[in-house]
Amino acid sequence: MIENHNLFRMGPVRLVFGSLWIFVLLANLNSASSAEPVSYNDVIRPILADHCFQCHGPDEKTRKADLRLDQKEGLFGAHGSREATVIPGDAQGSELVLRIFHDDPEDIMPPPETKKPLTDSQKSIIRQWVQSGAPYQDHWAFMTPAKPTLPNLVASPFLQNPIDHFIAEKLEELGLSPSQEADRSTLIRRAYFDLTGLPPTPQAVERFLNDSDPRAYEALIDELLASERFGERMTLAWMDAARYGDSSVFHADGVRHMWPWRDWVIQAHNNNMPFDQFTVEQLAGDLIPNATTSQKIASGFNRNHGTTDEGGAIDEEYRVEYIVDRVKTTSNVWLGLSMECSQCHDHKYDPISQKEYYQFYAYFNVASDPGMQTRNGNTAPLVQIFSESQTEQLQGIRSRMATVQKSLQDREPDAETVSAWVNSLADKEPKPRPGLGPWYQAGPYSAANQTEAFNKRFGAEKSASIDTSKPFGQQPWTQKDYADATPVNLELPDNSAVYLHRTIQSLSQSQWTASLGSDDGIKLFLNGKEIMGTNNSRAVGPDQDKALLDLVEGTNHLLLKIVNGGGNSGFYFDLRESPLPENVLAAVQKSPTEWNQDDRKVIRSYYLDNIWEEGKSLRDQLRTLQSDEKSIMDSVVTSMVMGDQDSPRKTYVLDRGHYASPKLEEEILPGVPAALPALPMDAPANRLGLAQWLVDPAHPLTARVAVNRYWMMFFGDGLVSTVADFGTRGAIPSNQKLLDWLAVDFVESGWNVKRLIRLMLTSGTYRQSSHVANHHRELDPENRYYARSPRFRLEGEFIRDNALALSGLLNDKIGGPSVNPYQPPRIWNEVSLDGNLFYKRDDGEKLYRRTMYTYWKRSAPNPSMITFDAPTREKCVIQRQRTNTPLQALVTMNDVTFVEAARVWAQNLILSMPDASFRERLDHAFVMSTARPADELRQNLLEDLYQSQLAHFQTHLTSAEELIKAGEYPLAKDIDPAELAAWTIITSTILNLDEVLTRD
Amino acid sequence: MDLPILNGHDLLNRRQMISLGARGFGALGLASILSPEILQGSMNPSEKRDRFGLLENPHFKPRAKRVIYIFFSGGPSHIDMFDYKPAMRKLHGMELPDSIRNGQRLTGMTSGQSSFPCVAPMFEFKRFGQMGTWVNSDLLPHIGSIVDDISIIKTVNTEAINHDPAITFINTGTQQLGHPSLGAWLNYGLGSPNRNLPGYIVMISKGRGQVQALYSRLWGSGFLPSKYQGVKFRSAGEPVLFLSDPAGIDRSSRRAMLDAVAEINRSKFQEVGDPEIETRIAQYEMAFRMQTSVPDLTDVASEPESIHSLYGPDAKKPGTFAYNCILARRMAERGVPFIQLFHRGWDQHGNLPSLIRNQCQDIDQPAAALVRDLKLRGMLDDTLVICGGEFGRTIYSQGSLTSDNHGRDIMVDASPCGWRVGVCAKGMNMEKPTTSPTTSCATQCISAISMQPSSISSE
């Protein structure tokens, strides 16, 4: 167990810290000629952290001998019977030195079984440090940085701005000198990719190369910073940190919509939102007083994590998981601390106790979103986001609704109109009730289907009188004892009809109303005339239809046809004096002088609802408007946001980090670790206060961590190479003065991001050539000290964007919902729940959006991008890896995205330069892709390749035709297939060149 | 940036460092049984790293050269396959005793039930082999016939009660996301002897039962560089994504393109001196070689008829578990050190009695054939075949006994940290309803391992 454990511990840790360490040591020995005291922060603490803190560090539970070496008191204070573990200036008397040099395996530190032995040089340097007075420093990253003064250096073209002073000073210490400035072709391509993620156009290259203004380069940087592409480029990196995805991660990994948050990030960067505001709105936008929709959307940063919908899951287990994720992400991103280590126990290396972890956790623990969320869309809290056209349409609809409502009020008929209507009613006087004969039934009659049963005349439906002693069509009449005014069950076979007949004896010619119901279809005939008919599919009930019966004096013949489509069947019949409801009828049959208030009300409301024609039409208009409003509201985009509970839940330390083991004896209130500055006095005790604390100008971490991350984007690696770990086991800054200067300057500038980036990109350091000289490889193989510009492979997204841009296919729409470009079949269903979820590819211009907009399903992300090191984004990732694999070669050679881009690019080269030679076209292609024309070697090699492929395709025309069909984009007419195919080989070759995949 | 390993290291923070040792495969001792051969002097550092991994020389004498990990996803019912519990007959229909449940939590699938009636074994078990190991003779006769070549471990368990956290835990060592999978760790630590194939290959087949989700994180590289993640081989179309040249580009055109790319890249290297360019040239060559070596590997049809019949009726159907088993053996022969087969469809609840029959039909003959085939070729001595799922099933019924709903739900015990390995070679105590107090009414993920107990190092 221990051996295995160690096996994995030693490799990576040793390599990382080991290699750095040797370097630092060399630097120290070189520069100090051993008179200068050894730096505690640079040299001693990393050794102690690696070898001693596990047992003599912050974790109370694993601490041995009650000795703590991560704090000043522990090193220099009394320990047991000893005066101190370290006595400055007295190596021989210091227990620390005695123990690390001890011969006895029982006494030597670290104990052999920990397998963390110190090397001889490590022991010596510790002794040297003690002997020279043991100067102590607090951990550098926890101390508020002071702005270092600029080193005084002899002027040189390299020294463009303060950055270069610090870099040059360091290089001088190390015996290195800066590289010369890169040529303009390299610079423009580098700056384009770094600031926009896209290549410069040949026109931009030409303009820049010919620009004689001495500030041409600065102008270029300003232009790129102002480009909207800048926001997209910056957002891509932030999406990794914010674990952005279009799916919910756990279990079903269903769809969600968080792209409005992504749009917010793009806009924030393009508007150069100050980083403190950027921070506050994303961590606590919802808590800002009178928060705008945009600020609430920003708070969705902490809704991007994975959520579950699994049937048997326990809500609280996942709810806690989400809070744990928010703590981790927030602390990794803003503090550069692995606070997540303290979920189950005190931090092993950094001064964060488990209790402090839960103080931090308490800020997020009052969030109102539940553990069980949806697999289909967004879970509350959320905001609705109206597009401009939706807002416009809604305004239109609502103002029309107001007009209609006003008309309804204004034009409402007066009392006289209503009285006039009542006076005109025939029903005013009660009529003698006609006599109803018994029901006779004929049928059922079968039909092929319900429609036929409804339409077919099975007997003489339209005969004016019916003799029930004779068959009706094929069936005889039978008398039935069916009750009126109650639904009657008929028990008809499916797809059949039945006829019901009765006589009505009226004393006078008068109008009566039949109230009807049916299951399913119904027709009514009176004296041979069809009065009503409707072919429904329904269950029977009273008053489903009404029909006016104009009765003649004497015998009337009433014939009902009831149709059954399937299942139950039945009918309802009641003869009413009037079509008016009974209460209305009762009222109108009174004299107006007898009307009480209720009568008036009943009459009026009946009149308005049923008789007033204009009112009916106005109400129809209103209904249409309401349904329009609803359909817009239903299509309104939502975005998940943070929101706190109305009555906040209490927080407790979770024993061993387990959701079901709160230590109820002590409630934990929100707070920040004691090793970091206190909260601002007026900070509210919620996330807003936490965010304000983070962006307090005196905070030692936030600005450094942010500046370091920006540095990494443009210089390949951070000044602190462990970009997410500024704790005691993180890497030591390769140039702390520079880091501190940048951090302080950043805060002083009002957290001005574009200004900071401009400073970096206009520095002499950035402008250096990336050529790796031999002495670089020896003295600084990893380029930690920047005697050259880094050279690195583009991120996967930019590799695809580059191909799209070169081919001319790129769709430059910014923002909006994610899209589904080409992807091999069966990537989704192979892993999806039930195995039935298939990727539905988009068509047309959605195939060519920038790659950051590709739908990101986190259980099965786009395979080409994953091959190029895009993280799945299930968790916060601050620094992507950069690998170099054969599978990447397969993507850029064979993925239809790249093959299509190659052939469309080839087509455009041929069509846009109709009279050009091969070499002219090739030069143009190289300027497009590398910002410089092809040299002799490239010309010769690729012309040979072209000629051989042209000959090949001329004799293999079918192959040519197959190749130029790749992808959906239309093939130009009148283009020679062999020529296009041969050119496609050339453009595909170019897309696979190191110099095209790489930012020089 | 020719230092992918160093880049990787930079990304490991201490939490991650701590987590690797204690979990994942620390306790299983896999590292001890896998190992590269002797170091060869002539390789450049990057090649050496791919070949031998980070460790170069592990401090254990290696026993296995490769692993084939058969993963039954969905929660195969251990008590209906390998973990015979005849004593359950006495408890049939009775309420689940507290002494067995031991206060364990239940999933939301059954926690609302008012009653938890125990169910007696539904299938016939028999003793197989010289060791007399109990195996379900209805469903797994073929596995029964090779039982002397495997160990059945009944103490593997997980704390998770739902599929997603359990399957993530067992494949990456923690149910929290972002950690490398077992195969990625081995790939990173030990490298791969085959330069023409990935060091970690994943294949997926789908059974006829209820299918739970898989996630790319199960074979992902987590915080390690992505080159160490499992490469998914596909059952239809291209076996590896983007392997085939586009329609219209033949091998000679491809070769000519690559020659031009290499020459231009070499000239770039001369100019700028970036060693990453040399690596890229080598990787393009390997991609070209893979385009030949992979089709050769996946040419299952070239196997003799005797092999096809050994693996059973599905052996010739691409995408089946049987087909993948043959592929796994072909990969093992070619030196791929970590091969993982996912077979889906084991999420049986009320319909368990009928569905498990189909699933077992899918796997019984091929899985046994794989062990037998490896043994015939003398490869079983240094190939570790692991077989298991994310958890098993409860001994109580989901729903009421009077209905036909004899399904069993998942439920798991509380062992906080990783796999505990115990070996059950001869039958353990069959009288007790459970094999250990902690696995109680619920379940372990049974793992069958293709090695003798003596060759597995435990704690």
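Guide: The account below begins with the helix pair and then turns to the chains that contribute to it. The model is predicted. Helix α31 of chain A, residues 886–894, meets helix α11 of chain B, residues 275–297, with axes that come within 7 Å and cross at roughly 75°. Angles of 65 to 115 degrees count as roughly perpendicular, and α31(A) and α11(B) are therefore roughly perpendicular to each other. On the side of α31(A), the contact is formed by A:Pro886, A:Ala889 and A:Leu890, while α11(B) supplies B:Gln283, B:Tyr284, B:Met286, B:Ala287 and B:Met290. Sorted by class, these comprise seven nonpolar residues and one polar residue, with no charged residues.

Chain B, to which α11(B) belongs, contains 14 helices and eleven strands. Of its 459 residues, 60% are buried. Among contacts in chain B between residues at least 6 apart in sequence, 79% link residues at least 24 apart.

Chain A is assigned five domains, including domain 5, which covers 794–1000. The assignment also gives domain 2 as 244–384 + 648–699 and domain 3 as 388–412 + 612–635; the C-alpha centres of these two domains in chain A are 42 Å apart.

Elsewhere in chain A, helix α7 spans residues 162–174 and reaches 19 Å from its first C-alpha to its last, close to the expected 18 Å. Its buried residues, among them A:Ile163, A:Phe166 and A:Leu171, pack against α25, α26 and α27 of chain A. Just beyond α7(A), A:Gly175 adopts a positive phi of about 75°.

Methods
Residues are numbered from 1 along each chain as its sequence is written. Chains are lettered from A and ligands numbered from 1 in the order in which they are written. This is a predicted model: local features need pLDDT of at least 70, side-chain atom pairs count only at pLDDT 80 or more; totals for chains, interfaces and linings use all residues. Axes are lines fitted to C-alpha atoms, for helices over the stretch in contact, and angles run from 0 to 180 degrees between N-to-C directions. Helices (H or I, at least four residues) and strands (E, at least two) are DSSP runs, numbered from the N terminus. Angles under 35 degrees count as roughly parallel, over 145 as roughly antiparallel, 65 to 115 as roughly perpendicular and the rest as oblique. Two residues are in contact if their C-beta atoms, placed from the backbone, lie within 7 Å. Ala, Val, Leu, Ile, Met, Phe, Trp, Tyr, Cys and Pro count as nonpolar, Asp, Glu, Lys and Arg as charged, and the others, Gly among them, as polar. Domain bounds come from an automatic or database domain assignment. A residue is buried if 20 or more other C-beta atoms lie within 10 Å of its own, exposed if 12 or fewer, and partly exposed in between; C-beta atoms are placed from the backbone. The expected span of a helix is 1.5 Å times one less than its number of residues.
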